[in-house]
Structure formats: C-alpha cells, structure tokens
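Hi,

Here is the structure I said I'd pass on. Have a look at it first, and then read my notes below.

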Amino acid sequence: MKYNFILQFFILLNIAYSPIFAQNSVQETADVFFPEKLVMALNHPNYSYSISDAYLKAMKYEATFGDSDSKEYHRTTVPLVSLMTNPMENSDAFEFEMKSAKLMGIDGFQFELRPSAGDYYLNRFKKIFSEYVKVAEDKNIDFKFSIVVDMKRSKKMPVSFLLMKVENTLNELFKATNYSKKWLRTGNNKVVVFLKYPQKVIDEGFGKKYVEPFIANPNLIKNVAEVYESLRKGLVDDVAFVYQADHVADPQLVNQILDYFPAIYTSSSTQNYTVGIDRLAEVCRERNRPFIQCVFSELKGTKRYDVHTDKKLSTMNGKTSKMADRETYIRAHNYKMTSMLRDLLEKGIERDADMLTVYSWNFFNRGTHFAPELHHGYGLGILLKYYKNKWLNNDKELENEVVLLSFKNFLPGELNHTKGVKVKFREKEQQYLKDLDSVEVVTLLKEGGEVYFNNRSMGFAPKGIHTFYALKEKGKMDVKVKRKKQTILEYTAPKEVVGKQSYTDFLTYSFSSLDDFYAVANQNIILENEMNSMRNRFLISKEDEVKWRYAATKRFSDNLTAMYQYGLSSNKYLEIREKNYKKYKQQIKEILTEFNYSIWLELEESAKKHEGIPMFEDNQNEALKGYNILPEYTKQK
C-alpha cells in the first residue's frame with residue numbers, strides 16, 4: 001500500500017497525537033494491577049473449528065500428513081477436535097475453545113491485533129473477538145479476554161495512520177462488547193492492553209540496535225510513552241498499557257520503561273536468558289509492579305527453507321513444487337520434551353509471577369500449542385494445572401496420580417537421515433541428541449513409588465513431580481508405578497515408536513494416563529450442544545441420546561487409534577476412517593426415522609465439506625500470512 005497520497009492529511013492529524021503525557025496514570029494502577037492471578041493464552045482467531053471463520057484446511061488431516069502437494073509449508077498438526085466432530089457454528093466452536101482451555105487450567109485468551117493489516121483482516125478480527133465475548137457472557141463462562149496490539153509498521157506508514165487504526169479498532173471492540181466485564185481489567189477497572197513492538201511508534205525504535213540509543217537517551221522512551229498517552233485519551237474505555245520488553249539485559253532500560261508504563265511483559269525468545277528475566281522480576285518487585293511470566297513447551301516452524309540457499313520457499317515462484325523434501329528444512333527449538341514448559345512454570349513460581357501467559361493456545365504452525373492435538377492430548381494441561389496450584393498456594397492433594405510419556409517419533413540416529421524434510425536446530429545440535437533419543441517419563445504422585453519402563457526399573461519417584469529418561473527403542477511403551485509391591489498405576493502409550501518415516505514428524509508426542517478422561521470431557525462439550533440440537537430437531541428420546549453419544553464417542557476413538565497407527569500412510573488411514581463413518585451412519589439410521597435420517601445425512605454431508613477461509617485469502621492477506629511465520633530466534637547475551 002502506498003501512503004504518499006494521504007501523507008499530508010496525516011501530518012495534520014498528528015496534532016491530535018501531540019505529546020501530552022501525564023505520569024499519574026502509572027501510579028493509579030500499580031498497587032492493584034491484577035486483582036487475581038490468571039493464566040492467559042494467546043489465541044489464533046482463525047484456528048477455531050468454526051464453519052465460517054476458521055482456516056479449516058490447515059486443521060484437517062488431508063492438508064497435513066495426508067497432503068503430499070503442500071510444498072511451501074510442512075504441517076504435521078492434526079487438532080483432536082477435527083476428529084470429534086464436523087466444523088461447528090461460531091457459538092459452539094468458541095464455547096468449545098473456552099471450555100477446553102479451562103479444563104487445561106487456562107483462565108482467558110489473548111488475541112493478537114495487527115492494525116497495519118487490511119480491512120478484510122480487521123473486520124474478521126473484530127467479528128471473531130466480539131463473538132467470543134458474547135458467547136462467554138451468554139453461556140456464563142468464567143473467562144477473560146485481552147488484546148495484544150502488534151505495533152509493527154513500515155517506515156513508510158505514518159504513525160498517525162497506525163494510531164488511528166488502533167484507536168478505531170479498540171473503540172469498535174469496546175462498543176461491540178458493551179464494555180464487558182469479560183475484558184481483562186486492572187483493580188480500578190482499566191482495560192489491560194498489551195503492546196508488542198511498542199517502540200516502533202517512533203522512528204528511533206526501528207531496527208535491532210535500538211536499545212543502546214534508548215538507554216543513552218531517556219527522552220526516547222518518554223517520547224514513546226507520550227504517543228501511547230495520546231492514544232489512551234482517544235479511547236472510549238480507560239486502558240492500561242503493558243509494554244513488551246524484547247531486551248531485558250539492562251535493568252536501566254527496564255526502569256526507564258517502568259517510569260512511564262505500569263507493567264512489562266516479555267517475548268518468548270527472551271526466556272532462555274534466565275539472568276535477565278530474574279533481574280526484570282527483581283526490578284518489578286522493587287518498584288511494586290506486576291511480573292508476568294511467559295511459558296511454552298517448544299517451538300517448531302512449518303515454513304520450509306532451501307537447504308542450499310537458506311531462503312524461505314514460496315509456491316508463488318514455481319520452484320518449490322520441483323524440490324524434493326530432503327532439499328528443504330524447517331527450523332525448530334530442540335528442547336527436550338516437556339522440560340522447557342516445566343522449567344518455565346517452576347521459574348514463574350520462584351519469581352512469584354502475578355500472571356502467566358501461555359505463548360499459544362492454538363498457533364498450530366509454531367508447535368507450541370496447548371490445544372489438544374494429535375501429538376499431545378492433555379499432558380501439557382495436566383502439568384500446567386499442577387504448577388498452577390503451587391503458584392496459587394493451593395495445598396490440596398492431587399486428585400489423580402498421573403504418568404506422562406513424551407518422545408520424538410524417530411529412532412536414534414534417524415533424524416535428518418531419511419528422505420523427509422530436514423530439521424535445523426536453533427542451538428548447537430550435539431548437546432541435545434541424547435535427549436532427543438530418549439523417552440521422557442514424568443510422574444505426579446501422592447506418595448513415592450518405584451517406576452518401571454517396559455519392565456525395566458527406572459528408580460524411585462518421590463511424592464509430587466519427578467522425571468526419568470529411558471533409551472528410546474522401536475515398539476510399545478509401558479509404564480508401571482508400584483507402591484508396597486502393589487501396582488498402583490499402569491499405562492501403555494497408544495502410539496508406538498515407529499522409526500524410518502517418510503515424513504519428518506518433529507513435534508513432541510505426549511500421552512498421559514488421564515488422556516481418556518479429558519478426551520471424554522472435551523467431546524462432551526461438543527455433544528451437549530449436538531444433542532440439544534438433535535432433541536429439538538428430531539425429538540429423540542433419552543435412550544436414543546445415550547446411543548447417539550456412544551456412537552459419536554466410538555467413532556472418535558476408532559479414528560484416533562487409526563491415526564496413531566496409520567497416520568503417516570494416508571490411503572490406509574482414510575480407508576479406515578471411511579469405514580468408521582459408514583458404521584456411525586448405520587448407528588444413527590437405527591435411531592432416527594427414515595425421513596429424519598435423510599435430513600440428518602444431508603446436514604452431515606454438507607458440514608463435512610466446509611473449508612472455512614479460502615487459501616487464496618490466506619495467501620493474499622499479510623496479517624494472516626504473518627501468523628504462519630516463526631519469528632527469528634534471538635539469543636540473549
């Protein structure tokens with residue numbers, strides 16, 4: 001987009017955003033910024049399982065493991081909700097996302113707003129966000145919402161133009177949600193708005209080396225603050241801005257930010273710099289400001305790169321389709337299994353964080369999602385809830401003893417030695433190879449016990465959480481926990497280690513002994529709405545409802561089992577899935593009258609065909625494209 005023809009107009013508009021900063025807004029919220037400790041997770045607005053407002057193609061099996069034509073991206077994520085049901089109406093889809101997140105210990109969603117994007121993206125964003133809030137209110141779901149405003153802009157874009165779009169969008173959202181109490185608010189009722197790349201509202205904030213000039217000249221951060229104060233004054237609801245600090249090496253910069261902003265949060269890429277985050281937490285405590293801890297499991301991109309040139313591939317130039325998989329690679333953090341998540345959650349407790357932000361609920365293309373998915377069901381949520389109870393000083397005993405198994409689905413020595421897409425690590429490879437060739441066994445116990453992996457003793461696991469690592473071998477994985485010579489817990493992972501795959505499947509598989517319990521709970525969220533609809537439409541009896549629920553649950557379970565066994569063999573899996581569907585249709589046919597069955601089948605077949613947002617729009621819209629790109633990893637020094 002060219003901005004020259006409106007530049008003169010926005011020069012005049014700059015008058016509305018002249019420096020008028022008032023410092024008293026900081027102290028008004030400092031003491032009571034977060035009234036309660038909450039876990040907020042970043043939600044991708046286009047990755048729910050809704051009929052009209054989701055990018056469904058990237059969420060279905062046919063476009064992941066089963067799609068051999070996808071050359072620009074290498075997707076291996078299959079959300080479990082896609083095996084549970086057909087795409088849903090927005091109200092049902094959004095209700096499912098919120099209730100599923102609550103089952104995993106998440107209290108609210110953050111939505112990333114990109115004001116520099118076009119009207120297509122912004123209109124869809126406003127629609128989805130407003131509907132989420134409305135569903136939460138209508139269904140009486142205890143859930144919070146907040147906006148993360150991405151202030152990235154090109155140097156050609158006047159800051160006035162960007163600020164106008166932010167102001168207009170936020171004001172529309174406030175009005176559309178009727179100033180809802182579901183917004184994340186401070187103790188004195190200010191709406192909490194997170195700022196990503198906040199320094200880019202002034203020209204000195206562009207570039208990777210902006211930090212040193214900011215430290216040397218405190219007036220620069222003051223200039224940034226003045227811009228946001230002018231923005232705040234134009235909003236129809238009062239807000240408190242939370243500043244993202246992507247560099248935390250120097251406490252001086254942190255203090256400068258806190259001179260003008262009531263709170264700071266940090267990006268995922270800074271979490272490996274433990275000393276810097278520790279200093280940030282200390283400064284926040286010294287100044288009576290909230291500390292926000294970012295947590296995530298691991299990161300893996302889906303964007304392919306050329307092994308020869310290290311350039312991103314694009315289907316637009318026609319070259320990608322001619323390249324063999326082995327000539328491309330994806331980028332990944334090679335953290336061992338769930339260790340990064342557990343470490344960050346533990347640090348959040350040690351640092352007495354006022355809020356935990358989960359880097360992603362459903363950013364499936366980044367490999368750090370918490371939403372139940374083929375590679376991991378509910379283990380991440382189990383870990384989050386365990387540490388959350390400690391964080392909240394909740395001394396209640398574990399409700400259930402649990403064992404979690406995590407592994408990468410390749411045998412020792414096979415990574416990057418097959419015909420599949422290669423994996424390029426963001427750190428030195430050697431120190432992680434041993435971890436990648438292991439199976440991680442995590443126990444959560446009420447009392448200590450002896451742990452056995454495939455009938456081999458791993459040692460004694462004390463009360464609480466404990467981790468073992470076993471050599472990864474081909475075949476099944478079985479764990480037993482014995483206490484006083486009695487087996488008190490036994491679990492076999494539903495997927496075996498296969499090895500020698502044609503696909504590179506680098507995400508971490510995690511399974512827990514409570515997965516079946518949570519799977520039923522998640523599907524019941526969907527079935528409650530489905531059965532209500534069936535009762536109203538076909539007047540089915542209670543007895544028939546029980547049969548219908550069983551049929552739907554069995555179909556999901558059978559498809560999931562087939563996915564674990566044959567997911568890398570598309571024809572075999574699709575054949576089994578079709579057989580399961582025929583069996584399901586026959587079960588429903590026995591419940592309904594012939595006329596009602598014909599109506600149901602027509603609705604069912606129609607729902608299966610929905611593809612949501614077209615691929616063309618996704619490619620053309622910069623805001624949506626940005627969601628599919630993993631930011632470059634910056635190692636702190």
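Before the helices, one term: a crossing of two helices is called right-handed if the near helix is turned clockwise from the far one by less than a right angle, and left-handed if it is turned anticlockwise. Keep in mind, too, that this is a predicted model.

Start with α16 (residues 570-589) and α17 (residues 594-608), whose crossing is right-handed. Their axes come within 10 Å and cross at roughly 150°. Angles over 145 degrees count as roughly antiparallel, so that is what α16 and α17 are to each other. On the α16 side, the residues in contact are Tyr-581, Tyr-584, Lys-585, Ile-588 and Lys-589, and they meet Tyr-597, Trp-600, Leu-601, Glu-604, Glu-605 and Lys-608 of α17. By class, that contact has six nonpolar and five charged residues, with no polar ones.

Pro-251, Val-254, Asn-255 and Leu-258 from α9 touch Arg-279, Leu-280 and Val-283 from α10.

Now for the inside. The largest nonpolar core has 150 residues, and the members touching the most others are Met-98, Phe-109, Phe-145, Ile-147 and Phe-261. Helix α5 (residues 119-138) gives the most to this core, nine residues. Apart from it there is another core of 16 residues, including Phe-34 and Leu-38.

Cheers

Technical notes
Residues numbered from 1 in each chain as written. Predicted model: local features only at pLDDT ≥ 70, side-chain atom pairs only at ≥ 80, totals over all residues. Heavy atoms only, no water. Axes fitted to C-alpha atoms, helices over the stretch in contact; angles between N-to-C directions. Helix = DSSP H or I, 4+ residues; strand = E, 2+ residues; numbered from the N terminus. Parallel < 35°, antiparallel > 145°, perpendicular 65-115°, else oblique. Contact = heavy atoms within 4.5 Å. Nonpolar A, V, L, I, M, F, W, Y, C, P; charged D, E, K, R; others polar. Core = buried A, V, L, I, M, F, W, Y, C linked by side-chain atoms within 4.5 Å. Buried < 20%, exposed > 50% of the residue type's maximum accessible area, 1.4 Å probe, protein only.
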